[in-house]
Amino acid sequence: MSVEVLPIGGLGEVGKNMTALGFDGNYIIVDMGIRLDSIMAFEEAEIGKMSREELININGIPDDNILHGRKVKAIILTHGHLDHIGAVGKLAYAYNAPIYGTPFTIELTRRLLREESGVKLKNELITINPGDSIRTHGIDIEFINATHSILHTVFVLAKRDGDSVLFASDFKLDEQPLLGEKTDLARLRRLASEGLLAALIGAIRLDEPGPTKSEAHARQMLKEVMGEACSNNGLVIATTFSSHIVRLKSIVDLAFDIGRTPVLVGRSLRNYCTAAMDLGLVDFPPELSIHGRPNAVYNLLREINKSRSDYVLVCTGHQGEPTSVLSKIANGQLPLDIRDGDEVIFSASVIPNPINESNRELLETKLMAKGAHIYRGVHVSGHAGRVDTAEFIETIKPDHLIPCHSTFDKLRLLFELGRELGYDDNRLHQLRNGTSLILGD
């Protein structure tokens, strides 16, 4: 039996993750993501109102024409970040296949689809708990616990007639994730003994030596920085990824411990947090205020401005996004002014592309011009560095190693790491979008 690995997006770029895996003519698709920097380059772009063709033309979503007409039996989502689920509403309708994901991932997908104009998918959305398996058209698909910067992330193991392929695009090896399950190393070790034909492994942080620090380290950094920032009488603002529920819980808990009232403000923050709360994945204090609607945000910020030293304002804007709450505050578009003595904590890295870097630099300049003090880099990554990626590869011992999910320079670094670990060119495969690899008989 032969196995076909066909990347549609995510190679040579950050985002647009989508890969097809074929077992003797029956296919599964893993992820359908957007490329955020391509969409952000068009200031007026509203993904919900744009057509599939328009988004493909601006390089915002994968061009999946090569898959049309093939027998796609399932669509599998590894986790709820937009670079993995953001294109579902534009692409999934072309396939007569159900969509599987963990409860948090499927809930975020449902909410995303509701926001898009006129999207009514015929595809059934099916939740699978981390650690569980399904079988469809002779293909066994297992959801293996993985730690990442969003809850309910999984590795996807697809297997048929003894040939198995592991998708591991986003993960870290964290013994203290604080919330959610640790990466299931025991199951990964068994993969090596069972025999793993191939593994697609993400290369986002291959340029960092690693190992990537634990989320517990991020909480300790936040404790020190927030303690220092709150010792002054100014307003304290913190911003991080809206999907990073663990980090948000740390900020909220620490604010209460210090004696300030945390308030979460921003549409995406409200969306992710309420989804996690509805599923029982996080236990925020009942007195926590979370606001996303414009009128509620406006009124709340006006109240905070009257008693600034009582609050920690958690808001959107860590990348300097022009429409975020923090950018609007910096631009004077909301009833909260930045003053001397205010503190702004960026608990997020800048996603490495020119648009994000420029937006973030401009935002920081505006904040500092108004007197704010900036704390940068109060963050740990959700991706494995070089050392932990090597440990991961040596744990699962795949016969074939396929770098994925990054720019070509990072993919090459993983290719070189594979050589150092004893893989020859017959077992290392640096693919490109739209070019398939046939493994097996």
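**Entry 1. H6 against H13.** I started with helix H6 (residues 185-194) and helix H13 (residues 386-396), which pack at an angle of about 55 degrees with their axes 6 Å apart. That angle makes H6 oblique to H13. I note here that this is a predicted model. Next I listed the residues that meet. From H6 they are Leu185, Leu188, Arg189, Leu191 and Ala192. From H13 they are Phe392, Thr395 and Ile396. Sorted by class, the contact has 6 nonpolar, 1 polar and 1 charged residues.

**Entry 2. Cysteines.** How many disulfides does the model have? I count 0 disulfides. A disulfide is a covalent bond between the sulfur atoms of two cysteines. I then checked Cys273. The closest cysteine sulfur to that of Cys273 belongs to Cys315 and lies 13 Å away, so the two are too far apart for a bond. Is Cys273 buried or exposed? Cys273 is buried, because its relative accessibility is 0% and the cut-off is under 20%. I looked up Cys404 as well. Its relative accessibility is 10%, so Cys404 also counts as buried.

**Entry 3. H9, the helix that holds Cys273.** Helix H9 runs over residues 267-278 and has 12 residues. I get 16 Å from its first C-alpha to its last, close to the 16 Å expected at 1.5 Å a residue. Which residues of H9 are buried? They are Leu269, Asn271, Tyr272, Cys273, Thr274, Ala275 and Ala276. I then asked what covers them. Among the helices I found H3 (82-85), H5 (103-115) and H8 (245-258). The cover also includes strands S13 (261-265), S14 (289-291) and S15 (311-315). Just after H9 comes Gly280, with a positive phi of about 75 degrees.

**Entry 4. H8.** At 1.5 Å a residue, its 14 residues should span 20 Å. The end C-alpha atoms are 20 Å apart, which agrees. H8 is mostly covered, with 10 of its 14 residues buried. The buried set is Ile245, Val246, Arg247, Leu248, Ser250, Ile251, Val252, Asp253, Leu254 and Ala255. I noted that Arg247 and Asp253 are in it. The buried residues of H8 pack against helices H5, H7 (215-230) and H9. They also pack against strands S12 (236-239), S13 and S15. Gly259 follows H8, and its phi is positive, near 105 degrees.

**Entry 5. H5.** H5 has 13 residues. It reaches 19 Å from first C-alpha to last, close to the 18 Å expected at 1.5 Å a residue. Because 10 of its 13 residues are buried, H5 is largely enclosed by the rest of the structure. I wrote down the buried ones: Pro103, Phe104, Thr105, Ile106, Glu107, Leu108, Thr109, Arg111, Leu112 and Leu113. What covers them? The cover includes helices H3, H4 (88-91), H8 and H9. It also includes strands S5 (99-101) and S6 (125-127).

Entry 6. Phi of Asp24 is positive, near 50 degrees, and the residue is not a glycine. Asp24 sits in the loop between strand S2 (18-23) and strand S3 (26-30). Its relative accessible area is 48%, so Asp24 is partly exposed. His405 is not a glycine either, and has a positive phi of about 55 degrees. The loop that holds His405 lies between strand S18 (400-404) and helix H14 (408-420). Is His405 buried or exposed? His405 counts as buried, at 2% relative accessibility.

**Entry 7. Two single residues.** Arg160 is in strand S9 (residues 154-160). With a relative accessible area of 19%, Arg160 is buried, because the cut-off is under 20%.

Last came Thr316. I found it in the loop between S15 and helix H11 (325-330). Thr316 is buried, with a relative accessible area of 10%. Which residues does Thr316 contact, leaving aside its neighbours within four places in sequence? I listed Thr239, Ser242, Val265, Gly266, Ser268, Leu269, Ser324, Val325 and Leu326. Of these, Leu269 is among the buried residues of H9.

Technical notes: Residues numbered from 1 in each chain as written. Predicted model: local features only at pLDDT ≥ 70, side-chain atom pairs only at ≥ 80, totals over all residues. Heavy atoms only, no water. Axes fitted to C-alpha atoms, helices over the stretch in contact; angles between N-to-C directions. Helix = DSSP H or I, 4+ residues; strand = E, 2+ residues; numbered from the N terminus. Parallel < 35°, antiparallel > 145°, perpendicular 65-115°, else oblique. Contact = heavy atoms within 4.5 Å. Nonpolar A, V, L, I, M, F, W, Y, C, P; charged D, E, K, R; others polar. Disulfide = S-S within 2.5 Å. Buried < 20%, exposed > 50% of the residue type's maximum accessible area, 1.4 Å probe, protein only. Expected span 1.5 Å × (residues − 1).
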